Amino acid sequence: MRLGTTRHRLTPHVPFRRLRRAGSICAFALAAFLPTAAELAAQPVEPRVPVERAEFGGRAHIQFNSTSVDGEPGTEFLVRRARIWAAARVNDWIDGAVLVDLAGADASARYAFVRFALAPTFRVSVGQFKRAFDMFELMSSSDMILVERDGVVRGVEPCAGVGGPCTYSRFSERLQLSSLDIGALVQGEASGGRLGYLVSVTNGSGPNTREDNDAKSVAGRVTWSATDAVVFGANANLHDFDNAVTRTTEHAQAFALDVEVGGFSRGLHAQAAVLGGDNWRNLDPSGHASRFLAAQGVLSYRVPVAGGGRIDAVEPLGRISWGDPDRGTVDDGGVMLTPGLALHFGGKNKLITNIDVWRPDSDRTAWSLKTTALMYF
């Protein structure tokens, strides 16, 4: 397989060592106070591995949001997600799934893949799925505790290259490092499930889109479960793109380190990550991509509600997300703060409200109140 021609070598220079050491210390300290959360083991691409029988389901996410930015509609309602999915097992080593999104003007495929379990530690999927990159993106939207991954605030001054606020997930998604693509995925676990891996080779042009050049994107993720409640992850990515300045096909590099402590079911749940690489959507006059850096932490604590009422649990939550689209330029990034609260009604059905407060380095603070009702079946 040819990965395409490269005119400029884009080399990484991301200061992860100090952040990784601090993250490790904090994670192990928190683990002493946490309940067991075995569901963290591998963060597999949904539907969960394996599909045990013919299944049919869906979800609906209805959102209300606002913005403090002048010139934009102050409030709006929207159907954020309306998805139907079906999954089936063909035999003891072949399964697959299809998930269709009905929220837009047209129906579009989200997942559509066939998976071959060639060995207990080696499964191959072909079709459309999420790339093997980014803990926050691989997490299903049905488990997500924030209203929006990228914390978009309508009308804010665009972050260089990726637009919108300079949040962690904005870089991950808009630089096509994560989220959906078409290709092949290899995944598995070893060491009794303590070690997990994902490797994807995809077109690089996104979901429901034909290949647009003669190169491929490669992403990989490795996880290690230090305990039942602490999981570390390392991610690497080579994303192919057509350089509009040099008229060549190149590969942008990106790397991420993350840690997850606790689980979705009860008690404390903490996620933290740092991401850096080539902002290939922000080129200088000679065609070189700027270097970006982003970091994010999400913290919540799920408290069961006794008494058998309508609310099963309440979950206060918070996020801090920082991003810099060009390490060579000052005052072009910012910080997002997101306090919020989730009410759980049983299963994955819940109501989430949070306020995304965007504080750019060189502009006025903007905010957005968001509420989403989530139904899952």
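# Why is it called that? A chat about a predicted model

Tutor: Before we start, remember that this is a predicted model. The protein has three helices and 16 strands, and 50% of its 377 residues are buried.

Student: Okay, let's pick one residue. Where is Asp181 found?

Tutor: Asp181 sits in strand S6, which covers residues 180-190.

Student: And why does Asp181 count as buried?

Tutor: Buried means under 20% relative accessible area. Asp181 has 0% relative accessibility, so the label "buried" applies.

Student: What makes the link between Asp181 and Arg131 a polar contact?

Tutor: Their side chains come to 3.1 Å in that contact, and the limit for such a pair of N or O atoms is 3.5 Å. The side chain of Asp181 also has a polar atom 3.2 Å from the backbone nitrogen of Gly206.

Student: Which residues is Asp181 in contact with, leaving aside its neighbours within four places in sequence?

Tutor: Among them are Gly127, Phe129, Arg131, Thr202 and Pro207.

Student: Now for charges. How many salt bridges does the structure hold?

Tutor: There are 17 salt bridges. One of them joins Arg83 and Asp101.

Student: How do you know that Arg83 and Asp101 form a salt bridge?

Tutor: Check the distance: the closest N and O atoms are 3.2 Å apart, and the cut-off is 4 Å. Arg83 belongs to strand S2 (residues 75-89) and Asp101 to strand S3 (residues 94-101), so this pair ties together parts 18 residues apart in sequence. Both Arg83 and Asp101 are buried.

Student: What about Lys216 and Glu211: what makes that pair a salt bridge?

Tutor: Here the closest N and O atoms are 2.9 Å apart, and 4 Å is the limit.

Student: Why does Lys216 count as partly exposed?

Tutor: Partly exposed is the range between buried, under 20%, and exposed, over 50%. Lys216 comes out at 23%, so that is the label it gets.

Student: Which residues are linked in a network of salt bridges?

Tutor: Glu72, Glu76 and Arg154 are linked that way.

Student: On to the rings! How many aromatic pairs does a search of the whole structure find?

Tutor: It finds seven.

Student: Why is the pair Tyr111 and Phe113 called edge-to-face?

Tutor: That label needs planes over 60 degrees apart. The planes of Tyr111 and Phe113 are at 85°, with ring centres 6.3 Å apart, so the pair is edge-to-face. Tyr111 is buried at 4% relative accessibility, and Phe113 is buried at 6%.

Student: Then what makes the pair Trp224 and Phe232 stacked?

Tutor: Stacked needs planes under 30 degrees apart. Trp224 and Phe232 have 20° between the planes, and 6.1 Å centre to centre. Trp224 is partly exposed at 44% relative accessibility, whereas Phe232 is buried with a relative accessible area of 16%.

Student: Last one: how do you know that Lys348 lies over the face of Tyr376?

Tutor: Lys348 is 5.8 Å from the ring centre of Tyr376. The distance cut-off is 6 Å, and there is also an angle limit of 35 degrees from the ring normal.

Conventions. Residues numbered from 1 in each chain as written. Predicted model: local features only at pLDDT ≥ 70, side-chain atom pairs only at ≥ 80, totals over all residues. Heavy atoms only, no water. Helix = DSSP H or I, 4+ residues; strand = E, 2+ residues; numbered from the N terminus. Buried < 20%, exposed > 50% of the residue type's maximum accessible area, 1.4 Å probe, protein only. Polar contact = N/O pair within 3.5 Å; in protein donor to acceptor, adjacent residues only side chain to side chain. Contact = heavy atoms within 4.5 Å. Salt bridge = Lys/Arg side-chain N within 4 Å of Asp/Glu carboxyl O. Phe/Tyr/Trp six-rings, centres within 6.5 Å; stacked < 30°, edge-to-face > 60°.
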